[in-house]
Amino acid sequence: MLRRSIRTVHRFDFLAPRAFKYRPASLLAAVHDAEKPFISSSVVAKDTIQQQGIPSHRIHDVPDPDILFFNQCLVQLRKALSARDIARVWEHWTCLRDKGLLPLFGPQLCKYSDLLATLCPQSTQTWDPHERKAMEEIAFYAAIKGAPSALVAYMGVHLRSGDRTTTLDLYARFLRAFEVKSLSPDTVVPDADDDVDELVIDLPTYSRPHSLHPPSILLAVVVAHAMGDSFRDALHAYLQTPTPFSTRLVTDFLSTFSDKSLTSKVGEYVRRLRVARYVSEPRFITARVSVFAATRDTQGLKKFYRSIIDGICGPEPYIAASQANVTPQAPIALNEINWATILTAFLQCGCRDLAETLWDDMLRLQVRPTATTWTALLVGYERMGEAEDAEKAWGAMISTGIEPTTSTFRALMSVLFTARRPDDAMGYLDRWLTNSSFSTPEDALTLYNTIIHGLLKNRRETDAHVLFQKLRQEGPHPDVVTFNSLLNYHGRKGEFRTISRVLDWMREDGVVGDVYTFSTVLDALLKVGRTDATDAILGLMRKQNIEPNVAFFTSIINYQMEEGTEQGLRAAMELLGKMEKNPDVQPNEVTYTGILTSLHRHDWRDLAFAKQSKHHVLEEMTKKNMQLSRAAYHVLIKACLENPASEGTEHALGYYRKMVQKRVSIGPDTWYVLLRGLIAREAWTDADRVVEEMTRGWAVYGRLADLVWRVRKRKGWKTKAEPRPYF
């Protein structure tokens, strides 16, 4: 009993504001909390310490007397912080440091760092040198362990006093700490920012990793360089760890400075650094531009492009027009693939004038378009359905001496097939064959797949099958995409005998079907009235030695639901029933959420069956004690708002109210998804209510603030925006 009572560590239930997020009210609250008399809260046993992230071997290696000493010091340290006595804080801290007990803090170190930050003065003039040094050492240790609040506040004091050198020296020391040794097991993973990150919203496959270089510290470094009028140094520091700065972080930090010219300059630096972040990661540009193109946001795309051009040609260039032009002053380059991506987006938005401007900019900046850019131009014309312009562009490319690649041929032929000119498209195949030796088998197969798809689209199935058999004999051998094109074509015509032959060919060639394969065959079976369609599909899977798991079943169900047809809905629910009866493939939250999403997204003719299906899903989730996650609520809200029926808004708001009722965490991304959809529907009255409720107790920043402005100004989009890319 005595041994167990000794081997515990105190945990205190106090909260303090994060650094750079202080407002007068929150700061006073934190100080008031610090001045409260100490009350010992519950103790944390050895098992709980491990749950907090402290390795078990560290606890077991610490002698019992040291555990007791740590608990006693923790009590005294908390009292010293409450009394705002830095000298006593330093005394107890050094005792723990000398005994090597600091790692026992674990995640609660963040709370101590937060509270220590409130003890920093406004300037260094009244700061006792000994207290300042103590603060620096404690704050620095906490920062390298993932609790940066105190160090950020310490840097802020020096910056407000006109001392930029201390901040830069501390940051250099901070970076060296990570170069000397790797991440220790007791390092705290910082909390995610509570603002909407554009790239998280715009790029579904992008998940921002936790950075060991907190953006708050990096922002302090940017301010230090702004004080020295050196954007170049700020850029080089930022590019080492290009962490996003949320609008909230920047706003709160700059509010602690009275020098308006400095805050204005930092704001401009941050804007340019955000552009630099996009350019430094080509996939970010692709994601951002794709959003503009999908929503036909011409103004947004134009503004985004202009910010990049300003970085190349502005008064202090920091972006190179190509890799060949990279310099220390312009250390990042706009890759040709990104020039091409923006070009395609301009054409997809129907902005020929902007596409011409981009092309002129490339020539003016001595960026010679290669086959990559010409291919992007052809892809843009394909999306516009402009076959004649595509052929003119092809002629211009050839006249400049550019050798087309297989991708270039594919883009042009796709345009011609779409324009119902299959003979002209096949003429370019003959040209490609004369120079096909430079093509890889993978690129060649992509081209052949485009041709087979184009021939079938133009009802030239005999030619498509002749080419298909030639590929089977001579190569490149057809892949699952090739077979799926044939299955889709004959499935839509209800030609099940031909589908059976195609499946036999797949089996002979050793090609295993994917979700699209089986979904296509299922569609075909339903079209010919097969009541055993789902059983037939399961039998086909067994023939191909496929043991469908939950994910595979879920994908097929989602595919059927996405069609928005009654047949698809009934087939999906039948498959769901088979899953529910099979203990090995029990549907999970993803399965049920996917069905609910499609039920809300489409306007079903058989409304009674749709309601029955929804009731069944919700009932099964209740039986299995499945709770919708925060992300699932977001998906459902978005789906409801995509439904053109008037009930879509009502259902979306219903899910939002359920989040409130069930106390599911609601943050900026929740508001963003909800407001974005309401604006797209121009449901201004409902949007007004949401904005009023949100701003009553929440400060809005960045993209979310833009949406609030749109609601108040009744500023919709020229076309109904598709919310999907924003999630």
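How close do the axes of helix α21 and helix α22 come, and at what angle do they cross? In this predicted model, helix α21 covers residues 387-399 and helix α22 covers residues 406-418. Their axes come within 9 Å and cross at roughly 155°. An angle over 145 degrees counts as roughly antiparallel, so that is the word for how α21 and α22 lie relative to each other. The crossing of α21 and α22 is left-handed.

Now for the residues in that contact. From α21 come Ala 387, Ala 390, Glu 391, Trp 394 and Met 397, and they meet Thr 408, Phe 409, Leu 412, Val 415 and Leu 416 of α22. Sorted by class, the contact of α21 with α22 has eight nonpolar residues, one polar and one charged.

Let's zoom in on one of these residues, Leu 412, which sits in helix α22. Is Leu 412 buried or exposed? Leu 412 has a relative accessible area of 0%, so it counts as buried. If you skip its neighbours within four places in sequence, Leu 412 is in contact with Leu 378, Ala 390, Glu 391, Trp 394 and Tyr 428. Have a look at Ala 425 too: Leu 412 and Ala 425 are 13 residues apart in sequence, and their C-alpha atoms are 7.7 Å apart in space.

Here is another pair of helices to find in the structure. Helix α29 (residues 533-543) packs with helix α31 (residues 566-581) at an angle of about 60°, and their axes are 10 Å apart. With that angle, α29 is oblique to α31. The crossing of α29 past α31 is right-handed. On the α29 side, the contact is made by Thr 534, Asp 535 and Leu 538, while α31 brings in Ala 571, Glu 574, Leu 575 and Lys 578. By class, the contact of α29 with α31 has three nonpolar, one polar and three charged residues.

Next up, charges. Side chains of opposite charge can pair when their charged atoms come close. How many salt bridges does a search of the whole structure find? The search finds 37.

| Salt bridge | N to O distance |
|---|---|
| Lys 133 and Glu 137 | 3.5 Å |
| Glu 620 and Lys 624 | 3.4 Å |
| Asp 686 and Arg 689 | 3.0 Å |

Start with Lys 133 and Glu 137. They are four residues apart in helix α8 (residues 129-144), so about one helical turn separates them. Lys 133 has a relative accessibility of 41%, so it counts as partly exposed. Glu 137 is partly exposed as well, at 24%.

Asp 686 is partly exposed at 23%, and Arg 689 is partly exposed at 48% relative accessibility.

Terms used:
Residues numbered from 1 in each chain as written. Predicted model: local features only at pLDDT ≥ 70, side-chain atom pairs only at ≥ 80, totals over all residues. Heavy atoms only, no water. Axes fitted to C-alpha atoms, helices over the stretch in contact; angles between N-to-C directions. Helix = DSSP H or I, 4+ residues; strand = E, 2+ residues; numbered from the N terminus. Parallel < 35°, antiparallel > 145°, perpendicular 65-115°, else oblique. Left-handed = near helix turned anticlockwise from the far one by under 90°. Contact = heavy atoms within 4.5 Å. Nonpolar A, V, L, I, M, F, W, Y, C, P; charged D, E, K, R; others polar. Salt bridge = Lys/Arg side-chain N within 4 Å of Asp/Glu carboxyl O. Buried < 20%, exposed > 50% of the residue type's maximum accessible area, 1.4 Å probe, protein only.
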